[in-house]
Amino acid sequence: MIAALWYLIWRTTVNRLTRQLQRVRSPRYAAAMLIGVVFLASMVWQPGSMPERGDDPFAPIRAAYGWGIASLLLLGAVHLWFSRDTLLALAFPPAEVQLLFPAPVSRRVLIAYRVARTQLLVVPNAIFWMFALRYWGSTQPAVVRFGAAWAFFSFLSLHRLGAALVLVPPARGVRRGVRLVMRAVLVAAVVGLVAGVVPSVFSGAHGDAASTWRALREALLLPPASIALAPFQLLLAPFFAEDFSAAQFAPLLLAIVAQLLWIHLASTVAFEETAAHASHDFAQRMAAFRRGSLVSTQNAPRTVARGRWIPLAPTGAPAVAIVWKNTMSMFRAGVLRGALITLVLIAALTAVLQALPVRGEDKEWIVLMPGGWMLMMSLFLGARVVRHDLRQDLLSLSLLKTYPLRGSQIIMAELAPPTIALTAFQAALIAIMLAFLPASDRPAFASIPLGAAAMIAILALGAINAMSAAIQNAVALMFPAWIQLGARNPGIESLGQSVLSSVGVVLVLGISFVVPVVAGALMWAFTQSLNGDVSMVAAVLAGIFVLAAEVAIAILPLGSLFERTEPSAVK
Amino acid sequence: MNESPTAAPAIEVRDLTKEYGAVRAVAGLSFVVNAGEVLGLVGPNGAGKTTTLRALCGIITPTSGTIRVAGHDLRRDGAAAKAHLAFIPDEPQLFDYLTVEEHLRFTGRLYGVADAPVRIPALLAEMELTEKRSVLPLELSRGMRQKLAIACGLLHRPSALILDEPLTGLDPAGIRRMRATIAARAQEGTAVVLSSHLLHLVEALCTTLLVIHRGRAIASGTPDQIMTERPELAGLSLEELFLALTGDRPGEPGAS
């Protein structure tokens, strides 16, 4: 039986890789692969940029931000031990549920198989991080970088699986005791962290950002916060080791062994029903993710949709039907709810920061920080997250192609909902930032009214969002097989593709700005004789117009590509 | 939508060929379906039936050949041709976040069905979906999903109805009702192309047959016409005729 499971792992891996490689026969996939290889090579070989040993640029990151990562790990552990999502660690693919669960395979063997299969994700991720850490300036030897990443991800995956086995309902006896102890320890750690940090920050800050920051760092290095974070610092220690030194690797390796032992002992628990539910839930979440939903349909509070949110007249431009459909889909998938929660959190955080005992010019930047950060995130990553466009509809390509619409009409209709939604979200962020900024600190644009400046900013954001959405949809249309596989099977190719596609999107976005910037500069030069502010407004508007025109021009070839794309290319 | 701009056949296919690399899925297929006719497209698995139907609907682009729907060339004037078409696949494709009724409203807008507000309740009743009108597709059974797909296909009164295994997932009562629906639409003048392995359904509904094997037409016409042209097949039932033509009976005409 074990031989059969090894055969399953081996053949599915080989077949999957073979299928990926076969796609490279297509020129466009081959070109993308070549660009990806060049990009990866550039990560490995950086002539003359290798820092000297002892001059480790990673060291300050450890000193300054190690506590931050450790705090995030603590929060992650709290989520792990208190959330039912942890049971998803027991999810098996549907075919394995159907074939392996009824087969004469013991629970221990099934769990061992699960552990072995997880390495198919862990090892490629460790390889990726081996390159990425080098790219970001780590001076560790490659093998140590790989070892650190492998140990870290292995521990995380094993701990998640171990926690899932503890949490399998109903938790009785030893498992119940372990659950109680783990939860109590984690609550104590969070209390220790908060108790150590909050009073120190308020007592150590002297009214400026630098002293507040310093007080925060010092508080994290002292008990009780340092004790609360100590186990998580141990997990990170190998990332700062010069070699496989026992002091930095041993605790994590011992933890891995202990975790394996625990999983071995706990794997006799009757997890099949939970695993079957988790598998179903996981499949639904993956399907929801592919559709562009931020929440699983499993968690949807109801399957009977609430009333008609947006009316739709039976006649008129047919493409509007697709805009309507995707907007409804966005609302029902929880995008509106997620956006509102984010806006409320940003507003609350901005209000708290405004109340901090900080004075002077720093105040303006501190107050603008949450909204500004979210604005930048939404600008560069928003179109990647809001996927209610071709990235969900390509799954229904056969249906879409029967509609009485030209390809360009469909593309235009698909781009509209994410563009409008993101721009509205960003406009709300701007409004929040302006609302919480004291009137005296608000930016002044000389003779341009603040409202007009905000409108121009929103127009510019709209054009950038439209271009981002166009690029994301173009990637989906050009490489549909990679996009779909990336959502379903997060492995090395999807990770690599994700990184590559992100780099590609940023590159193309940057290239798309060249002509608008030139147009804006020319407009600025031609209107120099006018009032300076008018000249600036004209330049910005010219740039916006050219960027919007680029999107409009891109829609035509994308429409043509849509018409040529066959459903077999998407599968 | 039933009104065709010319007196052209509802569907006219000439030399349809579709190749996937070295594999020729459909090779030089030609046929015509007039208003009110029901063409049964039959053949063994992998014969090219679904490829043909998908090409008819513009889902896949033929390697060569022409397809005209209500006089409109599908390649040159795709949107106009598709406005006269409805395709109902064996695996219904629905949008997860639109309710049953919203699917019909959405389809109505796509095809500009001015009387959609009147037709939708009638279609929901015909498909026994009235009680499920506010339900999302995730909650529908396989059969109900199929019924919804059929309702969406019928909403705009297509000139040509393309059905690929339309009865998959339906219960016996649903199958009977669907047969009646297809027959009624044909009587109203809709051209129907039906692909199915259920030969008794084909026999009951279809006015003509097109038997394809390995992408080529090996027989066409009514069963009587086919038997007249091939005297050695005289007296066979439709099932025996199919098996003989496609070569599943050793020594018979289609045997490879």
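**View 1. Helix H1 (residues 2-22) and helix H5 (residues 107-135) of chain A pack together in this predicted model.** Their axes lie 11 Å apart at an angle of about 25 degrees (axes are lines fitted to C-alpha atoms, for helices over the stretch in contact, and angles run from 0 to 180 degrees between N-to-C directions). H1(A) is therefore roughly parallel to H5(A), a term for angles under 35 degrees. From H1(A), Ile2(A), Leu5(A), Ile9(A) and Thr13(A) meet residues of H5(A), including Tyr113(A) and Leu120(A); contact means that C-beta atoms, placed from the backbone, lie within 7 Å. Helices (H or I, at least four residues) and strands (E, at least two) are DSSP runs, numbered from the N terminus.

**View 2. Here is an open sheet of 4 strands in chain B, in the order E2-E1-E4-E5.** The pairing is antiparallel, and two strands pair if DSSP finds at least two bridges between them. Strands E2 (23-33) and E5 (72-73) of chain B stand at the edges with a single partner strand each, so one side of each has no neighbour in the sheet. Between E1(B) and E4(B) there are 5 bridges; Arg14(B) has Thr66(B) as its bridge partner in E4(B).

**View 3. Chain A meets chain B through 31 residues of chain A and 34 residues of chain B.** H12(A) gives the most to chain A's side, with 7 residues.

**Reading the labels.** Residues are numbered from 1 along each chain as its sequence is written, while chains are lettered from A and ligands numbered from 1 in the order in which they are written. In this predicted model, local features need pLDDT of at least 70, side-chain atom pairs count only at pLDDT 80 or more, and totals for chains, interfaces and linings use all residues.

Notes: Two residues are in contact if their C-beta atoms, placed from the backbone, lie within 7 Å. Angles under 35 degrees count as roughly parallel, over 145 as roughly antiparallel, 65 to 115 as roughly perpendicular and the rest as oblique.
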